[in-house]
Amino acid sequence: MNSVPFDGVVTRHGPTVLRVCRAVLGPVAAEDAWSETFLAALRAYPELPENSNVEAWLVTIAHRKAIDAVRAAARRPVPVAEPDLGADPRPTVEPESTLWDAVRALPDKQRLCVAYHYLGGLPYDEIAAIVGGTAAAARRAAADGVATLRRTYPRGDTA
């Protein structure tokens, strides 16, 4: 049984979980995933062992809620315009885009590894347990994601 009241857990880890949800899902769906994460966590919290890494546990729950949201969105029909056959297939970020847009443009595994490590503060072995694969693969995916962000995210004038 945990001695820390659950409202203290929400206060301490809520911002981290929200940042992770935003990076994985975007700002619109993030708040729903955040709420669902803490509702699920509230039910399971009394049984969580005292020495557990609460932050990693919450990020794992958020990851599962994000997967649920992505799957639900994929099942919804979406109207599409005529395809632009001359479009460049490489991911690009428009100059007025936000950092969240740039993170969302990353391939799934890179986006998740960047979010869980740099926003969630999780070590790579815990990220590997969440997304699958090895700690080295998670480290590589995060490094590749950061490299892509450095190439594609617009920077202000440095002159």
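Predicted model: local features only at pLDDT ≥ 70, side-chain atom pairs only at ≥ 80, totals over all residues.
Residues are numbered from 1 along each chain as its sequence is written, and side-chain values use heavy atoms, with hydrogens and water left out.

The axes of α2 (residues 27–44) and α3 (residues 54–75) cross at roughly 125° and come within 9 Å. Axes here are lines fitted to C-alpha atoms over the stretch in contact, with angles running from 0 to 180 degrees between N-to-C directions; helices are DSSP runs (H or I) of at least four residues, numbered from the N terminus. From α2, Ala33, Glu36, Thr37, Phe38, Ala40, Ala41 and Ala44 meet Trp57, Leu58, Ile61, Ala62 and Lys65 of α3, where contact means heavy atoms within 4.5 Å. That set splits into 9 nonpolar, 1 polar and 2 charged residues.

Now for the largest pocket. Its volume is about 400 Å³, and 22 residues line the pocket, with Leu25, Ala66, Ala69, Val70 and Arg71 nearest its centre. A pocket is an open set of points on a 1 Å grid where a 1.4 Å probe fits, with protein on both sides within 12 Å along at least five of seven lines; lining residues have an atom within 4 Å of a point. α3 gives the most to this lining, 10 residues.

Notes. Helix = DSSP H or I, 4+ residues; strand = E, 2+ residues; numbered from the N terminus. Nonpolar A, V, L, I, M, F, W, Y, C, P; charged D, E, K, R; others polar. Points joined across faces, edges and corners; volume = space filled by probe spheres on them.
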